[in-house]
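Subject: Model for your review

Dear colleague,

I am passing on a structure together with some notes on its metal site and its pockets. Please read the notes with the model open beside them.

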Amino acid sequence: MTQDTPRYAEPATLRVLLDEGLLSGSSERYEKRLAELDGLYRDAEAFRAATVADPDALAYFVESSVVERGEGALTIGISTLLPGLFGDEFAMTRGHIHERAEQAELYYGLSGQGVMLLETTDGQTRALDIEPGVAVHVPGHWVHRSVNVGDEPLSTLFCYATNAGQDYQLIADAGGMRKLVVADGGGWAMRDNPDHRGYARKAEQA
Ligand SMILES: [Fe+2]
């Protein structure tokens, strides 16, 4: 290490650009196109029609700040999930459990109306409303997914341990999450996902 090499990570100012759903000062950007989410929704025909109508349609995008890595480092960012309805399922993120399943996460609603769908591998389910001014505390060992149940983009600020990682395969291997979040009389409701085969138990071993 030379004298010119900073010993510690540089602090960062992050500015929420609410109208755009962006985070000024972020260091990473990630975009998910609707066409990349083949198989996520049960109504394949409705999904296909949406991707044919707009092959480049964005599903969600994430801007985040990572200034260091290793134990204790945080990833802080904004995710913006565009609204939509595929069959009767609302637009959602792929969802994941953390690779280090015991690691928790904070979500804070910035704009739009959402539901955080949470499930454990031992059979528990929660669906928590998230809207501007509401924080959702996701403890370790919960599979989690954001669902946009409104007409506007759903933007949330999130914070998690950078080395928590994301495991998307647990949900894919299970045939999707146990519950679906569907349109119901102008609002939303949960319904059993008939394709769900149960989660592998590995998440409980962490
Ligand atoms: Fe997470």
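The model is predicted, with local features needing pLDDT of at least 70 and side-chain atom pairs pLDDT 80 or more, whereas totals for chains, interfaces and linings use all residues. Residues are numbered from 1 along each chain as its sequence is written, and side-chain values use heavy atoms, with hydrogens and water left out.

The protein donors (N, O and S atoms within 2.8 Å of the metal, or 3.2 Å for Na, K and Ca; water is not among the atoms, so sites may look incomplete) are His96 (NE2), His98 (NE2), Glu105 (OE) and His144 (NE2), at 1.9 to 2.3 Å from the iron ion. Along the chain, these donors are spaced as H-x1-H-x6-E-x38-H. His96 counts as buried because its relative accessibility is 9%, where buried means under 20% relative accessible area with a 1.4 Å probe and protein chains only; His98, with 2%, is buried as well.

As for the pockets (on a 1 Å grid over the protein atoms alone, open sets of points where a 1.4 Å probe fits, with protein on both sides within 12 Å along at least five of seven lines; lining residues have an atom within 4 Å of a point), the largest is lined by 26 residues, of which Val62, Phe158, Tyr160, Gln166 and Tyr168 lie nearest its centre.

Best regards

Methods: Buried means under 20% relative accessible area, exposed over 50%, partly exposed in between (1.4 Å probe, protein chains only).
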